[in-house]
Amino acid sequence: LGKGMSKPSFGANSNVGEISSDDGLSWEAASEKADEPSKMRGLLVPAFANEELEAAYQQERRQRTEQRGELVAASLWGFGLLCLLSTLTWPNDHTTNFLRNHTVFAEAGLVILALLFRQDPRRASRCYDVLLPALGLHWIFLGSMTVDRISSYLQLGPVLWRPWTLGEATSSLLTCLNLTAVVIFGRPSLRSSLLYMSLAVPFHIALVLLFGSLEHDRLNEQLPPSLQTMLGTFGTNGAFLGGVAGLLFLSRRIEEQRERQHFARFFANRQRLQAERKRNAELVDRQRELGQLALALEHGPGAQRVATTQPAAHTNEQSKATSSTVVRSRSLTVPSPLSRSEDSHPVLDRLSEGDLPSAASEVLARAMTGHSADRARIRHMARSIRDPRYNLQEFFEDCITSFPELRLFFLRPGSEEDDEPDAVSGRTAEAEYQRTIGALFAVYWLLRLDLDGRSSFCYGVDEQWLPNVPLFRDETSDDEEMSVNCIQTERHDEERFRPRSGPAFQRNVSEGSPTSSGIERGCNNNMLHRRKRFSMAAAMPHRHTMPHRSLGDKRKPTPVNNHLRRHSLATVPSGCCNARHEEHHLPATTFFKMTDDEKRASFLKTMDWCLFQNIVTHAGCEDCERVEALLCLTAFHDIMKVPALMPTVQPEHAPYCGFNAGMRILDHDVALGYIMEYFPSLLPSYRGLSAEGQRAVLFAQGKMQFNHGWFVQAEAPPGAMLSGFKAALRGGAAPKDMALYFLHWITDLAGAEATPLGGAEKFVLKFPHAVLTSFMWSIPYLRKLQMFNETEVVEFYLVARWNVLAPSMPMPSPEEGKIACLRLALMAQNDLRVVDAFKALDEEHRGCLATELARTGCCGQRYAGHDPLDGGGGPALLVYYGPALLQKHRGGSLDELCTALRAFALVLQAARRLWPLEKEEEGSTVTVQIGALKAATLQEIVAAPAGERREVWVLRQHNLLEGTVELVRASKLQELCSDGARFHVLDFSPAAKQPGR
């Protein structure tokens, strides 16, 4: 068994490195199977009650047969050869020739069986249970046929010689030896062994009865007449052989039952290991998603810097995919504005000493002196951005000509050094420029979702700056491609290229090809289909097929083309738009194991584009002025990442957002807000906006301390999540300004990969699509902040998510811990078993979770039906990484979820003892960081690690609003007491009870 199980194979997907979704049991099922490994059915022939386990055992047994079948056949062949050689001393007569011929026939059968195992072990193992008993029955025939019986069978008369004195006894011994060799040494299946012995013993007795026995005849002559019967003659011999066969079968059955028990434990452990590996892989993906989201949603230095390291398996898949196809690399960056010819605006002067017009940011004032934004062209961009004839190349031309702030990324210090300055984000200023252009392109694509925006958002554009169209087999007809090409790729006539301001328009942007130093990315020709450009003779002029429609035109839009409309709307999921939804075959794998082409296809086909369209609509982008404001904000929102431009707070404005007079503002968002609020003349694009446009831009750029991940996962109380947002809205912002804030966040993040020609690669290639959808789905509820308070908005969102996750389950009542159940379900990433685990907790821990998770962190605000028995008060508690702790054990057994929830409750209890309830603290929130607890296993949590130095879990209070759960040495507790630190020892063992103080 040990040799046979050294290389077990439980199915086609038995690769240890990668476990498919169908391979392996859940942890709970594997644990149950490990607890009862010997549950079998069958009286004579045992079999596992679990069909999957039985199939795995049979497969493992066939593997053992493949390994030892050739050895068994060769050994039996060698024993037969010895028997054949022993007949050489016998007289050469018909009896001897009969035995020799049958022995040669049996040897030939064994040779064929051995060769079959050598050539095709799998097929031989399937035939083994039939061939070996068949050959065994032939050996029974040879062993049972004594010379007297052969002579009787051949009608040769009396035999004058005999090889053995007691032929009948020798025949019985040979039969016993045959049974032992086949059943014990050959080891066919127990069912085949039982069938073989059931045939072998009667077959031997039948031969004896049929041809008789000279020894028995002589024995009968000495018996009384009453005992001279066939039964008396052969009953003893038959009983002996039957007893031997029964003992062999019983021995074989006990051995197999023991093997099955060992195999059941081995199989259950293997399945449990596979389930654990699968859970670990999911946890790694989930932690990577949370890490990406946490970095992407934060504003400030280092924001949106997400690691692009991919798993080894994913890298191998990509290398295999690209090795079989022709991959052509090209640059995905755009040329800088300084690489263009001189226009009416002077080139930026190098920085020099001297009197400068503004003390807040002398460098910015010097750089923008004599520069102004081209308002006419910006207005033209806003009006034409939805025009099918207005292509991306013209849009880029207008951007770099209209927004002088874009040149600030290429500002050089006064010295003649050629090294490019780094931005405060850690990237180069060139990379920040490419990110800004990517954000502008994202605005262009999101406002054209009904045209070419979707495909360009996912696939980018080609060398001619035309949208890359994915080529899906049997989904796009030639007519559809023709109609799309005719409308979207036709160039403007010559009048469209006339200069509108300055000589910059005299040069086609195509001459400014992307620099060779830009980021290069492979373009798979099998995946992307380049649009063909048709001549004017092959395509109808746009002015006849598509009348110009500006944003200010309120008339019903003219239908573009049925083929185009069907092409652009076919990607919308059903239920979002009144469009035909077509099914597409997408890779059924996790996001981080997809290739880039699979991610692009998945995003295009599965994304709910109506979520983007709704944000665009609610942001008021049907109005030209709103589009102008969005374009201007996008153009200069990252310029303060250039260190030389950061302003200094003037005395008349101090303090400003925590910065005192004379302090340099290092936060690029706060720095930009300071310039817009007190020195708007330093930003030409912002200065030219209307008062309403400036107010909307100032609101969208402001820092509201809003963590979108907290809201989506219900991680924090309403006060910690939405109070800053609500305070900003009280300043007079309109609902559409909030939508503009989120639209700006989307476009900013979409271009974060610094590859503007490659599409919105941050969303398409780096962001898990399902997580992005959940973020987009939550935005409409945040817009309710204009009319409702923070707690009401959170409750609306929680109830809506519950109705989506469990439409058939009743909503928990406040007495059952409604808010706790709703928040825990989202924290556990939609695993509703956490609600069952919550109900399975003891009353103390369940009550703690129900009470603490229902605190709002807002003065005077309560969830509906939740009146705290303790009279209210605060602070509310935010368990940072609480969702990660629950998600780590998502998919595990119910006991594991209960243990994780119990640890969650104990942290809340300990935090409440360190921060007792006070009425005046009702509007505050304390953050308890449990990163160390999240990284530990349940075994390490429940039983604190005891190695060379005993360690204990401690909740330590750092200040009035922060605390951390740490794993410290027991010897350090005295040091904490000596330092006067406030802490609470946590004992997560099941039998422990936290002290009252």
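Visitor: What share of the protein chain counts as buried?
Guide: Buried means under 20% relative accessible area, with a 1.4 Å probe and protein chains only. By that cut-off, 52% of the 997 residues of the protein chain count as buried. Please keep in mind that this is a predicted model, where local features need pLDDT of at least 70, side-chain atom pairs count only at pLDDT 80 or more, and totals for chains, interfaces and linings use all residues. Residues are numbered from 1 along each chain as its sequence is written, and side-chain values use heavy atoms, leaving out hydrogens and water.

Visitor: How many helices and strands are there in the protein chain?
Guide: Both are DSSP runs numbered from the N terminus: helices are H or I with at least four residues, strands E with at least two. Here the protein chain has 38 helices and 11 strands.

Visitor: Which residues of helix H5 are buried?
Guide: In H5 (residues 147-154) they are Val147, Arg149, Ile150 and Ser151. These buried residues pack against helices H3 (94-119), H4 (121-144), H6 (167-186) and H7 (190-211). Just after H5, Gln155 takes a positive phi of about 55 degrees.

Visitor: At what angle do helix H14 and helix H21 pack?
Guide: Axes are lines fitted to C-alpha atoms, for helices over the stretch in contact (heavy atoms within 4.5 Å). Angles run from 0 to 180 degrees between N-to-C directions; under 35 counts as roughly parallel, over 145 as roughly antiparallel, 65 to 115 as roughly perpendicular and the rest as oblique. H14 (residues 429-446) and H21 (residues 624-636) pack at about 160 degrees, with axes 8 Å apart, so they are roughly antiparallel to each other.

Visitor: Which residues of H14 and H21 meet?
Guide: From H14 come Thr436, Ala439, Leu440 and Val443; from H21, Leu630, Leu631, Thr634 and Ala635. By class, this contact has six nonpolar, two polar and no charged residues. Nonpolar covers Ala, Val, Leu, Ile, Met, Phe, Trp, Tyr, Cys and Pro, charged covers Asp, Glu, Lys and Arg, and the others, Gly among them, are polar.

Visitor: How do helix H33 and helix H35 pack?
Guide: The angle between H33 (residues 843-852) and H35 (residues 894-914) is about 65 degrees, and their axes lie 9 Å apart. They are therefore roughly perpendicular to each other. Among the residues that meet are Cys848 and Leu849 in H33, and Phe904 and Leu908 in H35. The residues of this contact divide into seven nonpolar, two polar and four charged.

Note on methods: Buried < 20%, exposed > 50% of the residue type's maximum accessible area, 1.4 Å probe, protein only.
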